[in-house]
Amino acid sequence: MWRRTGLACEQMTRPEHRPANDVATETRLGSSGRFRRHRGSFTFGLIALFALPWGTVLAQDQITVATSASTTAATSAVSAEETALAVDRLIADELSASGLEANPKAENLLWVRRVFLDVVGRPPTPDELLVIQTSSELDRSWLIDQLLANEQFGRNWGRYWRDAIFYRRTEERAMVAALPTQEYMATAFNEDRSWGVVASEMIVAQGDASEDGRVGLIVAQQGRPEETVSEISRLFLGIQIQCAQCHDHPTDRWTREQFHELAAFFPRVSSRPNPDPDKRTIMVQAQDRFIRRPNRETMNRFVGTAEHMMPDLADPQAPGTEMRPIFFVNNEGLPIGTSDAERRASLARWLTATDNPWFAKAAVNRVWSELLGRSFYDAVDDIGPDRTPRSPEVLQLLADGFVANDYSMKWLIKTIALTDVYSRESVEPSVVDEGWTAPYRVPLRSDQIFDRLVIALQISESALPSQRRGPGVSTPRTALAQLFGFDPSDSRSEWSESIPQSLFLMNSPLVDRFVRSDNGLAARLANETNNADIQIDELYSHSLSRLPSDEERSALRQHLGQVQDRREALEDVHWSLINTAEFLYRD
């Protein structure tokens, strides 16, 4: 069988017909040199896998590449492909009217790296790149479906929402709920559970934080009504109503009374340590019968209160004004004395209703920002009727499609990834609004950097050491997050690499240990072949998920030829690639 594509492959044998003593299958990448597959414990080079009619399954934890129909959610009410084309037309009209030109189209492999990082949180492996490149034509819609169908999709976006929720926690012990919340979100994303259902379940949740991730948002805010509803509004509506807690909002229409009416949905909820001494966790509970009011001065949220009181600013010691629960978006409310279950269920129903424009727009704005590097508004979590978005027609089109598809996050992510602007070469963030000419080049989240390291160093995360520390377990992944983590609600354009971050990659015992290891990639390449082109291509494909440019190849050939110890030279190249800015960014 012969394949002739952008990645030209020499003759390949069907896997089930390959002789048992077959030693190697060779492939050639243009004029860049040969990659060989050797039998044994180490397989270096891009394995000659290709899209057979019946499909090809890559190694465990890699993307399943199949030619069968998409395994994502049921047929959409509005197709992602049609919506993406409609978005393209609107943006093209905007650029034309402004006299702007879109950036050049990104080459296929750059787009592939981008969509892998955005959907499953890691770059493609060399094997996956070869599978994609040996296809006669890249079907982008099909590839996105394969990524969305993989469990790594939910894992990636579960980690994103873990950070969005817990970076603004008011209680350090709340981190006991971080992993269960991440796992809950991962399952919800993989099952393509309606975003309305996810939001509702987190609003009405109660239970053990170490067992039920749905309580994570409440635990992160210690169950305090003011903080909890502020985060619900910020995360699910994109409206920062907390600015109206002590006075009317300075720039928006929301009043102090509306803020405290929103807080009145949560007074009966409490977040407190589990009374079982053998369980170091937190419980979220609610009750409707109260014997006494907690002492306000101690900020006691272990019990809750029957009703929410708006403090008297003139007399802080006074009881304050008893507030009815009223939702500020539609002014729907409940009477004083309503049970906790009815309060929170009503809030969830009104907040996720299809006639609430801000629920859909907040999700669209956030996901668009994550994939394009900037949002329709100046911030992902500061929108509302008193804010003017960029490209309001595009925002509305995507919001309408999101509603029509039952708030499907898979539909939304696929639609944005199929747009023309997403396919353009990236640009550096700018303070000047130049329209949707290209996506921004943005820093990777810490989990994405860690997963990139796993591929670059050819290691297994499960084999790395971990230890219990504080309310959770310290692992190399969480240690990396201490340096490279950031609140995903913050603008990526404001991120800059710090000295500790640079020093970590340069001096990290973890990186150095595996780069210099006898079982490391460089050592194995030095033992398996003397071909400099193969060695260079392997280091680039594992570290940066691409092949070197002609200039890079020429410089490295010269370097390898000048250094007497080839293994040491390869280790230096491998270390250098991991320490490039490209390693930390998504182009």
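The paragraphs below go through a predicted model, from overall counts to individual contacts.

The protein has 587 residues, and 55% of them are buried. Its secondary structure consists of 22 helices and 13 strands. Among contacts with a separation of 6 or more, 67% are between residues 24 or more positions apart. The exposed surface comes to about 25400 Å², with carbon and sulfur atoms supplying 48% of that area.

Several residues of helix 11 are buried, including D340, R343, R344 and W350. The buried set in this helix also contains S346, L347, A348 and L351.

A pair of packed helices comes next. Two packed helices are described by the angle between their axes and the distance between those axes. For helix 16 (residues 476-484) and helix 17 (residues 499-507), the angle is about 145° and the axes are 9 Å apart. On the helix 16 side, the contact is made by L480, L483 and F484, which meet P500, Q501, F504 and L505 of helix 17. Sorted by class, this contact has six nonpolar residues, one polar residue and no charged residues.

Charged side chains are the next topic. The whole structure holds 46 salt bridges. One of them joins E231 and R234, whose closest N and O atoms are 2.8 Å apart. Both residues belong to helix 9 (residues 225-237), where they are three residues apart, about one turn of the helix. An α-helix has 3.6 residues a turn, so residues three or four places apart point the same way. E231 and R234 are both buried.

A second salt bridge, between D252 and R387, has its closest N and O atoms 2.5 Å apart. This pair links distant parts of the chain, the two residues being 135 residues apart. D252 lies in the loop between helix 9 and helix 10 (256-263), whereas R387 lies in the loop between helix 12 (357-372) and helix 13 (392-404). The relative accessible area of D252 is 9%, so this residue is buried. R387 has 23% relative accessibility and therefore counts as partly exposed. Elsewhere, salt bridges that share partners join R159, R162, D163, D447, D451, E461 and R477 into one network.

R193 is partly exposed because its relative accessible area is 21%, while E191 counts as exposed because its relative accessibility is 52%.

The backbone has two serines to examine. S391 has a phi near 45°, a positive value in a residue other than glycine. S391 sits in the loop between helix 12 and helix 13, and its 9% relative accessibility means that it counts as buried. S545 also has a positive phi, near 55°, and is likewise a residue other than glycine. The position of S545 is in the loop between helix 20 (532-543) and helix 21 (550-562). S545 is buried, its relative accessible area being 0%.

Definitions and conventions: Residues numbered from 1 in each chain as written. Predicted model: local features only at pLDDT ≥ 70, side-chain atom pairs only at ≥ 80, totals over all residues. Heavy atoms only, no water. Salt bridge = Lys/Arg side-chain N within 4 Å of Asp/Glu carboxyl O. Buried < 20%, exposed > 50% of the residue type's maximum accessible area, 1.4 Å probe, protein only. Helix = DSSP H or I, 4+ residues; strand = E, 2+ residues; numbered from the N terminus. Axes fitted to C-alpha atoms, helices over the stretch in contact; angles between N-to-C directions. Contact = heavy atoms within 4.5 Å. Nonpolar A, V, L, I, M, F, W, Y, C, P; charged D, E, K, R; others polar. Areas by Shrake-Rupley, 256 points an atom, 1.4 Å probe, with all protein chains shown as cover.
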